[in-house]
Amino acid sequence: MPPIISISQLSKTYSSGFQALKSVDLDISQGEIFALLGPNGAGKTTLISIVCGIVNATSGGVTVGGHDIRRDFRAAREMIGLVPQELTTDSFESVWATVSFSRGLFGRRRDDAFVEKTLKDLSLWDKRDARILTLSGGMKRRVLIAKALAHEPRVLFLDEPTAGVDVELRRDMWQLVRGLRETGVTIILTTHYIEEAEEMADRIGVISKGEIIVVEQKAELMSKLGRKRLTLNLQEPLSEIPDSLEPYRLELKSGGCELVYTYDAQGQRTGITRLLTDLSAAGVTFRDLQTEQSSLEEIFVGLVKDKR
Amino acid sequence: MIVNHRAVASIYRFEMARAWRTVMQSVISPVLSTSLYFVVFGAAIGSRIQSIEGVQYGAYIVPGLIMLSLLTQSIANASFGIYFPRFAGTIYELLSAPVSFVEVVVAYVGAAATKSIIIGLIMLATAAMFVDLEIRHPVWMVAFLLLTAVTFSLFGFIIGIWADGFEKLQLVPLLIVTPLTFLGGAFYSIDMLPPFWRAVSLFNPVVYLVSGFRWSFFGQSDVSVGVSLAMTFLFLALCLAGVWWIFKTGYRLKA
């Protein structure tokens with residue numbers, strides 16, 4: 001199946017001279033949840049803004065559903081819903097009016113039943129007649145999501161969807177995203193909350209300084225780049241690490257009761273066998289051991305640091 | 001989809017609803033200001049002027065007054081209409097929607113022009129309570145009303161795109177449009193001026209608008225109607241060119 005979004009050699013240099021994107025290539029498959037991870041200023045919002053038509057690209061091309069975003073902008077944009085990062089709303093409008101407005105703006109026939117369903121799905125129905133300025137921040141975020149969904153898009157962009165959002169709304173939002181995916185909607189979210197990507201995404205792209213550093217299935221990314229940690233619970237506490245074990249760069253924790261060894265899970269040799277032999281030779285004995293995988297956050301920090 | 005007519009209708013309704021929310025200010029202020037002008041110029045000063053070119057002074061100033069409001073209201077409505085989404089950030093939705101720039105302009109300018117025409121008509125009705133009015137060329141009157149409202153709504157749209165603060169939004173209307181209107185023969189015939197100032201006045205575009213509009217009421221004008229019409233179209237063309245340039249370059253809209 002051809003990708004629903006295809007980005008090729010996309011670059012953006014702002015008039016200030018700042019190069020926000022450097023020849024980005026990226027394909028998004030239909031129906032997947034794709035998380036774009038990156039630190040602030042990495043180019044996440046610029047990338048989304050170009051695909052949505054808010055910012056002009058300096059060079060390169062984008063197609064959405066096979067439609068070029070410039071030549072065939074109507075067909076491309078009809079497919080897209082965007083939830084922006086900032087809480088930008090028409091303060092004096094009612095919730096119902098602003099969501100209905102969005103539907104019309106995207107060329108959809110008036111459909112009160114659909115708007116009603118959208119508002120109910122987002123727990124906004126009770127607030128339908130309230131002016132937006134009277135709503136809390138979380139409610140405003142819901143309004144923005146309702147506006148983005150009002151024209152039944154096939155692709156939904158969520159730019160930092162859970163920044164400053166309480167736990168309940170975050171949970172609701174994740175549930176909503178999963179529900180949308182089940183109906184075939186492709187979801188692209190940017191975030192710097194790693195747990196969000198870890199929890200939600202099928203695939204993860206990491207962007208830093210305008211370049212996509214890596215794009216992988218979440219599981220593959222974790223196994224490929226994940227470092228593992230071996231923790232040994234010692235029989236007798238150690239006051240210091242014996243010199244003979246220095247090459248392993250062990251850490252002594254829990255008041256000398258635990259030895260921690262970090263290794264590359266994908267490496268040809270993990271060094272575990274040798275470590276255990278050397279431990280025995282040094283007279284260090286242990287009663288238990290466990291290994292754990294590093295989190296996406298650690299992977300991410302490692303990647304971005306390498307780039308610098 | 002060749003034309004996104006639903007988007008045009010949505011923006012138009014949205015803009016009209018905004019006016020409806022502030023209907024009291026929108027209607028009362030022009031009615032009040034018209035009445036004040038009548039008290040000051042019509043009753044106090046007009047009683048000494050009697051008539052200009054056979055038209056009672058009170059009636060003579062009506063077209064000029066309406067023009068004055070039409071210009072300021074068209075500019076204010078359109079400039080605020082497009083500036084506010086830029087200021088509030090809601091412009092993202094407009095930019096990401098499947099609408100062409102032409103559709104955006106038609107909707108915003110259409111709504112702004114509609115509002116100022118309604119206000120113009122309310123002022124006309126208010127004036128009719130003070131003085132006897134005859135409209136000799138009603139079709140032309142409507143034509144001038146429409147042309148002026150559309151032209152200056154386009155002008156307002158350009159200001160709304162150009163402005164990067166509320167002060168700038170006020171700057172052009174306050175420093176350029178209001179003086180030009182007051183000096184544009186709204187309250188007098190430019191034939192009453194000394195020859196030098198009359199010649200200077202001919203560089204003021206508002207003179208042509210007021211003169212043409214006044215002709216549609218009383219059948220007489222400072223400059224010929226053909227020239228008035230040509231000047232209005234010229235200004236319309238300039239504004240259209242400005243809007244076209246803005247959208248071609250994405251000026252102040254797209255980075």
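Me: Why are A:Glu116 and A:Lys120 separated by about one helical turn?

Reply: This is a predicted model, in which local features need pLDDT of at least 70, side-chain atom pairs count only at pLDDT 80 or more, and totals for chains, interfaces and linings use all residues. Residues are numbered from 1 along each chain as its sequence is written, chains are lettered from A and ligands numbered from 1 in the order in which they are written, and side-chain values use heavy atoms, with hydrogens and water left out. A:Glu116 and A:Lys120 form a salt bridge (a side-chain nitrogen of Lys or Arg within 4 Å of a carboxyl oxygen of Asp or Glu), and their closest N and O atoms are 2.6 Å apart. The two are about one helical turn apart because they lie four residues apart in helix H4 (residues 112-121) of chain A.

Me: How many helices and strands are there in chain A?

Reply: Helices (H or I, at least four residues) and strands (E, at least two) are DSSP runs, numbered from the N terminus. Counted in this way, chain A has ten helices and 14 strands.

Me: What radius of gyration does chain A have?

Reply: The radius of gyration is taken over C-alpha atoms, and the globule rule is 2.2 Å times the number of residues to the power 0.38. The C-alpha trace of chain A spans about 80 × 45 × 40 Å along its principal axes. For a compact globule of 308 residues the rule would give a value near 19 Å, whereas chain A has 24 Å.

Me: What is the radius of gyration of chain B?

Reply: Along its principal axes, the C-alpha trace of chain B spans about 60 × 40 × 35 Å. A compact globule with 255 residues would have a radius of gyration near 18 Å, and the value for chain B agrees with this, being 19 Å.

Me: How many residues of chain B are in contact with chain A?

Reply: Contact means heavy atoms within 4.5 Å. By that rule, 29 residues of chain A are in contact with chain B, and the number of chain B residues that they touch is 27.

Me: What area do chain A and chain B bury between them?

Reply: Buried area is the accessible area (1.4 Å probe) that two parts lose on being put together, summed over both. In chain A, the residues that lose the most area to chain B are A:Arg74, A:Phe101 and A:Leu105, together 26% of what that side buries. Of the total, 56% is on carbon and sulfur atoms, and the whole comes to about 2,600 Å².

Me: Which residue of chain B forms a salt bridge with A:Arg74?

Reply: Across the interface of chain A and chain B the rule finds three salt bridges. In one of them, the closest N and O atoms are 2.8 Å apart, and the partner of A:Arg74 is B:Glu103.
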